[in-house]
There are 4 protein chains.
Amino acid sequence: MTDKTRTSSGFFVSAEAPIHTDNPIPTPSAPAPDILRCASMELVVTDLAASRQFYVDVLDLQVTQEDETTVYLRTMEEFIHHNLVLRKGPVAAVAAFSYRVRTPEDLDKAVAFYTELGCRVERRADGFTDGIGDSVRVTDPLGFPLEFFYEVEHVERLAWRYDLYSPGALVRLDHFNQVTPDVARATRFMQDLGFRVTEDIQDEAGTLYAAWMRRKPTVHDTAMTGGDGPRMHHVAFATHEKHNILAICDKLGALRRSDAIERGPGRHGVSNAFYLYLRDPDGHRVEIYTQDYYTGDPDNPVVTWDVHDNQRRDWWGNPVVPSWYTDASLVLDLDGNPQPLVARSDDNEMAVTIGADGFSYTRPADEDEMPAWKQGEYKLGHQL
Amino acid sequence: MTDKTRTSSGFFVSAEAPIHTDNPIPTPSAPAPDILRCASMELVVTDLAASRQFYVDVLDLQVTQEDETTVYLRTMEEFIHHNLVLRKGPVAAVAAFSYRVRTPEDLDKAVAFYTELGCRVERRADGFTDGIGDSVRVTDPLGFPLEFFYEVEHVERLAWRYDLYSPGALVRLDHFNQVTPDVARATRFMQDLGFRVTEDIQDEAGTLYAAWMRRKPTVHDTAMTGGDGPRMHHVAFATHEKHNILAICDKLGALRRSDAIERGPGRHGVSNAFYLYLRDPDGHRVEIYTQDYYTGDPDNPVVTWDVHDNQRRDWWGNPVVPSWYTDASLVLDLDGNPQPLVARSDDNEMAVTIGADGFSYTRPADEDEMPAWKQGEYKLGHQL
Amino acid sequence: MTDKTRTSSGFFVSAEAPIHTDNPIPTPSAPAPDILRCASMELVVTDLAASRQFYVDVLDLQVTQEDETTVYLRTMEEFIHHNLVLRKGPVAAVAAFSYRVRTPEDLDKAVAFYTELGCRVERRADGFTDGIGDSVRVTDPLGFPLEFFYEVEHVERLAWRYDLYSPGALVRLDHFNQVTPDVARATRFMQDLGFRVTEDIQDEAGTLYAAWMRRKPTVHDTAMTGGDGPRMHHVAFATHEKHNILAICDKLGALRRSDAIERGPGRHGVSNAFYLYLRDPDGHRVEIYTQDYYTGDPDNPVVTWDVHDNQRRDWWGNPVVPSWYTDASLVLDLDGNPQPLVARSDDNEMAVTIGADGFSYTRPADEDEMPAWKQGEYKLGHQL
Amino acid sequence: MTDKTRTSSGFFVSAEAPIHTDNPIPTPSAPAPDILRCASMELVVTDLAASRQFYVDVLDLQVTQEDETTVYLRTMEEFIHHNLVLRKGPVAAVAAFSYRVRTPEDLDKAVAFYTELGCRVERRADGFTDGIGDSVRVTDPLGFPLEFFYEVEHVERLAWRYDLYSPGALVRLDHFNQVTPDVARATRFMQDLGFRVTEDIQDEAGTLYAAWMRRKPTVHDTAMTGGDGPRMHHVAFATHEKHNILAICDKLGALRRSDAIERGPGRHGVSNAFYLYLRDPDGHRVEIYTQDYYTGDPDNPVVTWDVHDNQRRDWWGNPVVPSWYTDASLVLDLDGNPQPLVARSDDNEMAVTIGADGFSYTRPADEDEMPAWKQGEYKLGHQL
C-alpha cells in the first residue's frame, strides 16, 4: 500500500491510478461508450409466481408490466420502464447487467469497443426486452452478459406517491456486484470502459480482494468481488433511510420468511452505507442499501481497506457469514447457457480473515488487548 | 403449552397464572412492598477511568455526581439522582439491583417480607449510596442483592435539553436481566413479590427457559434467564428510536471499539423491542433497547414462545452468539463478596436450539422446505 | 408561580398539590374507581363511508368489526376489542370518552361516585357497544359523557404483524383532550377522580390555561384545555417514531388531502412529544403523537409553562393556528343530544399570546433582542 | 403549459427545452466551463464570533481552519478544504458562489466565456481564499459573484467519524438559491452555462416564478427564485435522514434560539426533499435538506408545478411565511460593494397565491369542497 495515507478512521486514501495486473485485457483503440448508470438487471427465475411474490408482495417493487413469462419492475423514483426483469426460465441465472448510455450513438461505440476485443456482440433495434429500444448485448471479456441502451419508454416517477410507499420502500436501483477470479484484471478492464475506482480491499502484498467502481457519482455502479466466476454476487436497491431497511427485516419476520435474510442489517466499512442482504426464492442475492457518499469529483480519494481490518465489511465488526463469500448466481451467455466458472487462484478473503489460518483485527496490532471474554469463539470474525 | 392460543405471528397467548414449580420458595405471609420500577444498578468496576469513559464518553450518560471511587449517572429523562452507579472495586460484579417503591412505608414491608424468608436484610436511614435516603438491601432467596428505596434527591430532568443529546442518547433505565438456575422457581417467587409475567420461553414439555416480568407497564422490569446463577445477565437502557441504537454502533466503529458489540442490533421476538448488546470494559453486559409495548392491564395476555422458534430471540432469525448464553456478571452478597454459583440442571437453551443435537425452525415443521443454499452452515441458528 | 423552580429549559417544576379553585365540585365521600387508562372513544360521524376511509384507508387503523352503522377500530398494539368506534349519526359529536378500570368492582365504585355527585348514571350489563361487557356511562359534572368498563373481548395484538404496518402505523391510543371553561375547577375534580397532574400552562397571576393529567404513567390520559365547553378538543394515537408521523403527512399530500393537516408536525414543549394534528371529515381533531416520558413515580415533578413562553406549545416556536384554539367537537348527553356550551370567562390563551394585545417570548425579556427580520409578521406567535 | 403531461401527483412533466425569454443574454461562442458541482459559499458576516457559534456550535459544521477574520468550514462527507467561508466584514452579504470545475483548463474556459459576455473577470493563481489554488471570480450578467476553481487542498473526509457526528450532522453542501427579477432570462442563461433544468413553477400564462437546475445529478446545484435581485436566497446543506433535521429544531429550542427557525420543517413539493429554513445571526438563510432524487439522465423529465398548487412549496400544504418570499441577502461585486437591486416586474408568487387577490388549491377546482372549518383564516396558504 505504497503512497497511501492512513486516515483517522483506520483505512487508507490515495489518488486513483490504473490498477496493475500481470494479465491485462488489451485496451481497445475504440473509445468506450459513455455509460450513465447501472439501470436494470434481467434475472432468470425458476418459479415466476414465487419470485413475483418476493419482489412485489414482500419488497413492494412497482409492476410496470407483466405477462405469463415476464415481470417488469421498477423502484419508486424511477422514470424508465424497469430496473428489474424477472423472466421464467429453466436455470436461475442472470441474463443481463444492463447499463444506460448517454446517447444513441454510444451504442455504436459499444459495438466497436467489444468487437475489437473479440467479444460476441448482438444488437437489436427493438430491444431484448419490452420497454427498451435499440440495444446492444455482449459477453464481455470477463464472461458477463452486459446490455447497453439509450432508448427507453418513460413511465411515471412515483416518488411523490406516498400512498404507494410501504415501510421498506425501494427507491432506486443502486448497483451490481460481480464475482470474478482475478479482481485486478477485471478492475483494470473496467477502468478502460470508463469506470472510476472508489474503494478497494487489499492485503499488504497488494493482492486485490474486491474493488468498487462507478459511473454515476455514488460509490459504485458495480463492484468486482474475488471468487470463482463469472457470477453475479448481488443486485442492490436503495431506500431513503435506515429504518426502511429494518422494516423489511421486520416484515420478513412477520411473514415467517426470516430465512431470506442472509447477512445484516449492518453498516458497511466500504462505502459507509447501511446494508442488508437477502436471498430470493432462487437464491439470487439482493442487497438493500442506503447512504453512501458523493464521489463525482475527478480527484475523489480512493479508499483502501486492509483485508485484515475487521471493520472493512461491517463497520460494527459483525461477522460475514460464509455463504456470503461462497454463493453467487450463474450468468448466461447470449444463447442463454450458463457460463462455465474459472476458479480464483489468488488468496481468498474468507480464508485469510477467518478460520484457523486467518486473522482480523479491530485495532491494529491489538490481538493481545482483546478482552478475555472475547478471545473465544463469540464472533465469526475471529474464528469460524 | 395447554390452554394457550397460537397467534398468527407464531407464538402463543394465555392468561397469566401462578408459575408451577416443584421446589417453591414459600410465599411470605407479610405483604410484598409496592415496587414502582427498576430504578438503578450499582456496578463494581475494576478500572473506574475505563468504565467512566465507556458510560460517559461513549454512551453519553449524564454525570450527576462523581468522586475518585464512584460515578453516579443518569439518563436524559430521569429526575431521580441516578440510574447507574459505578463503584471502583477489586472484582467486577453487581452490588445492587435497585427498585424504587411507592411510599416510605414500603421499606418496612420489604424488611418484613424478606425477614420472614430468612434472608439477610440491612437498612440504612442515610442510604447505601449518595443521592438516596432510607434504604433496604437484602440478599434475596435466589441469591441476588436487591435494594429498595423511596427517598431520593431530585435532579433536573434533561429531557428537553436537546443541546446535550448525542445521536445515541439513552433516555431511561428500562430493565434488569438475571441469570438463575431454576427459572420456574425464581419467577414464581417474583410473582409473590408482586411482579406480573408478560412473556416466557418454553418447550413442549413445559420447561421454562426464560421469563419476563414487570411492575411498570412495559414488558419488564426484570427477567429471569436460565443458567448458572445467581448472575446478572444485563442492564438495559432505552433510546427514543431505532436509529439511536444504530448510532451507538457507528460510534463504536469510529472509536475502533466495535468489539464492545456482542450481539445485534436486531429485533427481539420476545418484547418486540429493537435491541443491541454491548460489553463494558469489565465485561458487564449492557442492552440498548427501544419500543416494546404497554402491558398495564391486569389481563394483559402472556406471550409464550416455543424454544425452537428461531425468531423468539431475534425476529429476523439472526443467530445468538454463544457468549450471550454463557457469560454473565457475578453478584455480591451484602459484605461485598461474590455469590457462589449454582449450576442449571434443566435443559439449556443454547443446547436445545443450536449445535448437533438442537434444532430451530423458522416456520413450524419446515425443515424440508429450507432452500438448498441455506441448509449448510450459514446461520448459527441452525448449526453452530 | 410560587414554590416553583425554574429549570435550565425555561419552564418550572414543583411538587403536585391539589389545584386551587374558587368554585370546586364537591369531593365525593365514595371512593373513585381505579382507572387504568383511556381506552376508547366513540365518535358520531355524519358520513360513515368518508370517516371509514379516513381512519382505515388513510390512517390504517385495524378494523376489528363493522356493520352498516358502526365501525370498531384498534391500533397495532392493542389487545382489547377497540380504541375507536365510528357510529353513524345526524350530528358530529363525541358519544363517549371510555376508560378501562382495574376490576369489575370498580364499576360499582363509578356508579356510587357519580351518583353521589348527582350525575346521570347508566349501567348496562351487556355494554353500550359491541366487544365490551358490563359498562357504566355517566354525564360527569363537567358535562362530558364518560364510559367505564372492565369486561372486554380480547382480540389479537398485531404488534408483530409488520406485514400489516403502513409507514404511518398507529400503535396505541394515547390520550383524550377536553375543552372546558374553567380549567382549575375541572382539573381539581379530575384529581378527586384519581388523576395526577403532570404539566400545566399558567400566567403570572396563576390563571390556568390548560392542564395535563394521567392514570397510566405517561404525560396524560386526558387534558383540560380552556375554552367554551364541554367539547372534545382531540383524541390522540401514538406511533413508534417521528418518521411515522411525517409519513402520514406525505401520504395526505399524495392523496391531495393535505388540508386535513391543521397544525404541525412539530415538537411540543408540554409533554416533549412529537405531534401532528389532523381534522377528520367531520372536523373531529385527531392528534398523532410520539415520545413523551415516564411519569409513574408519585413525586413526579409537575412541569409548569408560562403562557407567554413561545415554546410551550411548539418547542420550535412555530405558531399555533387559530382554529386549533377555537374549534372543537360537541359532546353528547346520554340521550344523544349535544350538550350546551358554557363560555370561558377566564383569560383566553390565544388572546394573551398572539394578536394586538398579546405577547410571547422566545427568551425571557428579549423582545428588544429579536432580529430585525423577525420583528414583522413572519410568525403568528408574535402577531396574528 | 403546452406539451406537458399531468401526472397522478398533480404536477406536470415534459422534456427539457431551452427556456423562452424575450430578453435573452447572448449565448457566448466560447464553450462553457465544465462545472462539477456547487462547492462552497463565501459569506460576509458582521459578527464573526456569533456566526461561528451558529455554524460550529449549533450546526456542528467542522472547522478546517480559522483565524481572527475568517473561518473555513466543511461538512462531514467533504474531502475538499471547505464548503463555507465566514469572513468578517462591515455588511452582511455573499462574496462568492463557488463552483468546482472538472479540470484546470476549465478556468481558461470560464475566463473566455465571461469575458465574451463583457463581465468583469479576475483570476488569481493562489486563489481568493485559503485552501484553494488557481481561481476565477466573475460578476456574471445577472449580477452574481461566482467563483470557479479546480485546485484545492484535500482534507480528511470525516464520513466515518461517527464519534464527531451530532444528532443534526450536515453531510454535504447541496445547493445555492438565487433571487433574480427575471427568472426566464436567468434560467436561459444558466442553460448556456451548461445547467440542466429539473423543475419549475409556472402559471397558466407561462410566467416563470422559479426554476431549479443542476450539474451534479440531484435536483439542483442552484435555483432561480423570482424577486428583486441579485440577492442570495439561501445556501443548503444536506443531512442523511429526516430525524437529523428535526434534531436541529429540537436543539434550537433547547438553546432558546427557536426564532432562528423561519420555515418548516416540511416536505417540499418541488424536489420532494424534506426541508428546514433557518436564519443565521446576520439573517442569511440556510436550508437543511434531505432526500431529493437522481436526475442524471439526459432525458430526465422536467417537473412543472402550477403556481396555484398549494402543495408545490410544501407538500403538506403548510403556509410559506412572507419573510421567506421577501427577505434575501445582498451580494457583492468584485470590489466588495453590494450590488444594487433590480425590481421584479413579473407577477409575484406570494401575491398570486395568498392574500386578498391570490388563490391556491389543494385539489384542482376544489374551492367549494373545502370543509367549512377550513374556509376561514386557518392557513396562511389561503389567506394571509
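Student: Which residue in S10(B) is the bridge partner of B:Tyr99?

Tutor: The partner in S10(B) is B:Phe148. The model is predicted: local features need pLDDT of at least 70, side-chain atom pairs count only at pLDDT 80 or more, and totals for chains, interfaces and linings use all residues. Residues are numbered from 1 along each chain as its sequence is written, chains are lettered from A and ligands numbered from 1 in the order in which they are written, and side-chain values use heavy atoms, with hydrogens and water left out.

Student: What makes S7(B) and S10(B) a pair of strands?

Tutor: Strands here are DSSP runs (E, at least two residues; helices are H or I, at least four), numbered from the N terminus. Two strands pair if DSSP finds at least two bridges between them. S7(B) and S10(B), residues 145-149, are joined by 4 bridges and run parallel, so they count as paired.

Student: Which other strands pair with S7(B), and in what sense?

Tutor: S3(B), residues 35-45, runs antiparallel to S7(B) and is joined to it by 8 bridges; there B:Cys38 stands opposite B:Tyr99. S20(B), residues 329-331, pairs with S7(B) in the parallel sense over 2 bridges, and B:Leu330 is the partner of B:Ala93.

Student: Is S7(B) mostly covered or mostly exposed?

Tutor: Mostly covered: 9 of the 9 residues in S7(B), residues 93-101, are buried. Buried means under 20% relative accessible area, exposed over 50%, partly exposed in between (1.4 Å probe, protein chains only).

Student: Why is A:Pro281 called partly exposed?

Tutor: The relative accessibility of A:Pro281 is 35%, so the residue falls in the middle class. A:Pro281 lies in the loop between S17(A), 274-279, and S18(A), 285-290.

Student: What does A:Pro281 touch, leaving out residues up to four places away in sequence?

Tutor: A:Pro281 touches A:Ala50, A:Ser51, A:Phe54 and A:Arg257. Contact means heavy atoms within 4.5 Å.

Student: What makes B:Arg100 and C:Asp297 a salt bridge?

Tutor: The rule asks for a side-chain nitrogen of Lys or Arg within 4 Å of a carboxyl oxygen of Asp or Glu. The closest N and O atoms of B:Arg100 and C:Asp297 are 2.8 Å apart, so the pair qualifies. The count between chain B and chain C is 8 salt bridges.

Student: How many residues of chain B are in contact with chain C, and what area is buried?

Tutor: 43 residues of chain B are in contact with 44 residues of chain C. The buried area, meaning the accessible area (1.4 Å probe) that two parts lose on being put together, summed over both, is about 3700 Å² for this pair.
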